[in-house]
Amino acid sequence: MSKGSGKTSKDCAVDAFRDGLALDLALSYTDWADECFYLPRESSSEYGRYRSARTPFVREILDDLSPMSPAETVVLIKPTQTAGTTIGLIFLCGMIDMYPGPALMIMPTDSMARSFSKKKLAPTIKAVPRLRSKVKEQKSRAGGNTILQKDFPGGSLALTGSNSGASYRSESIKYLVLDDFDGFELDIDGEGSPEELADRRTGTFPGRKIYINSTTTTKDASNIERAFDHSSQGYFHVPCPHCGGLQYLTWGGKDTDFGIKFERNEAGDVVDCWYQCEHCHQRIDEHHKTAMCAAGVYVHRYPERVKTRGFRYNALVSPAGWVNSWAYIAKKFLEAAAELKQGNPQKYQVWMNSFMSEPFEQVGDRPEWATIKARAEPYQALTVPAGAMILAAGVDVQHNRLAVSVWAYGRKEESWLIYHIEIHGDPMHDDVWQQLDLLISGTFPGGGGVQHHISSVGVDAGDGATTQAVRNYCRTRAPKVFALKGSSTPGRPVVGAPTKQDLTWNGEKIEDGVEMWPIGTDTAKVTIYTRMKINDPGPGRIHTYVGLDDEYYEQLTAEKLVTRFVKGYPVREWHNVRGSKRNEALDCAVYAYAAAIRAGLPYLDLKSELKPPPVVRRPANNHAPARRKRW
Ligand SMILES: [Zn+2]
């Protein structure tokens, strides 16, 4: 493996290390970690002296990151919370100690980079005795160390977000970490993919190392899957305790003769869980796991790819004592599968990505509009059917009209369209907005004489001439009315964290100013399309009323999920199959769904009795402080 980590030289080096901290070490990162690395109490459940034997699947990864290996790029697909971050920390800390040079770590966003630096990196540097004197405490900019910049003898480490393209272009670097790669922006400022940029930045350095890691997301649009495809594609295999056959532990499934198997009691709880060997089909109990993993090896599909090494392991090899026991993973599977059956694919995707390290194949088939129309039900428009608890509206803004849908939502996200209308007129003028006010401040009769109010209204701010008009409208009606902006990146939550939009004359954000809410349109569309195929009343079912014309249904099903190739990379996109014809009904449904989530839709199932939702009134006048209520 390495010329520098033979037993004798290692022993010498370690003796030297024990004699005095100032002496230089030249170990592989695995050996260095076992001798010198400590996990801080602040951020680790297993803090203190690091032992690579606890997680044997990290060793080959650390060895390939070491200077003795010819590998230049190391790609890791990992489950969540199983050693992925620790590998990056060992690489960076060992580098600072033994092989210092210019280094850059990129995370999806600047704020994630800041948080990683404060909560993980700084405590770790403090916990590793050999680094304390090398990396000075962060005090001031003048001292060379800030949150996003760590200087040390022989090099420096910069941290940044993939959303700040400028920082990629400065001086060249030897070590690059792309962390949580599936969260990256695909094309940074028109400069190409992050890999291309990274390649240019490290291109001139001999002995360069690029470490790319992430959990995976969706099949045809995952950055890390693409990087892994070009790698040696190593899977962590472990030997069966009965027959010795090597295998990559995986879920298997109900109809397979290998994988995780379990038994449930009458209450549905997992009471027994084991692994069935794919070779001898015998039962392997979890207490064998520690010994099996200790004897584990990566089996590479393309071992000749020595420059680009790929690694994949999943939560089934988590060390004994960590939360991810096989029975726990089975329990989580059952929960996710139950939600999937109800037309809610999100939890299942999270389970596939976080536990199995496998991508999720999204369902983007277009529902047949005539089938959905034929299913329409005889309730009246503008009335609220039994079972509905929250009303929310979605508004799509075009240059000559607003399209508005009001939807009602009940338990388990069952939903009913209450009304769809187009308000014609120029959004730059007040009349369309006044008509919208009339609609969204109205009451809607439900069963038993209850009058329902709309709790939440999402208005698309787009990025055209109408954006300012939308902001002005939302500013004085927050928090009931909010401006939103769609993000088509797969895997984004339906409702993200808002950003402040109003600035003072010198560019500071105004605390009570209008907010922009990012909406994961891809996630929402996949969810809505999956649910349109549910025929039985109950969880996830989407209801419409009799009387809507064909145009509404054609708009509602106007988009299709396609994979397009940009510069050779697959990119998932939603295409309007109607060409230039309208598709606002689907957008309105997406925005209303996001508005309902803001209004507390995920918490409806926790309520014990049916009652009309609270009315949120807008402030009495423009000068009143906006209410800061959050759902
Ligand atoms: Zn076996």
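**Strand β17 and the zinc site**

All 10 of the 10 residues of strand β17 (residues 401-410) are buried, so the strand is largely enclosed by the rest of the structure. Buried means under 20% relative accessible area, exposed over 50%, and partly exposed in between, with a 1.4 Å probe and protein chains only. The model is predicted: local features need pLDDT of at least 70, side-chain atom pairs count only at pLDDT 80 or more, and totals for chains, interfaces and linings use all residues. Residues are numbered from 1 along each chain as its sequence is written, and side-chain values use heavy atoms, leaving out hydrogens and water.

- Strands (E, at least two residues) are DSSP runs, numbered from the N terminus.
- R401, A403, S405, W407 and Y409 point one way from β17, while L402, V404, V406, A408 and G410 point the other way.
- Two strands pair if DSSP finds at least two bridges between them.
- β17 pairs with β16 (residues 388-398) in the antiparallel sense over 10 bridges, and S405 is the bridge partner of G394.
- Nine bridges join β17 to the antiparallel strand β18 (residues 415-424), where I423 is the bridge partner of L402.

**Zinc site**

- C240, C243, C277 and C280 coordinate the zinc ion through their SG atoms at 2.3 Å; donors are N, O and S atoms within 2.8 Å of the metal (3.2 Å for Na, K and Ca).
- The donors follow the spacing C-x2-C-x33-C-x2-C along the chain.
- C243 is partly exposed, with a relative accessible area of 39%, whereas C277 is buried at 0%.

How values were computed. Helices (H or I, at least four residues) and strands (E, at least two) are DSSP runs, numbered from the N terminus.
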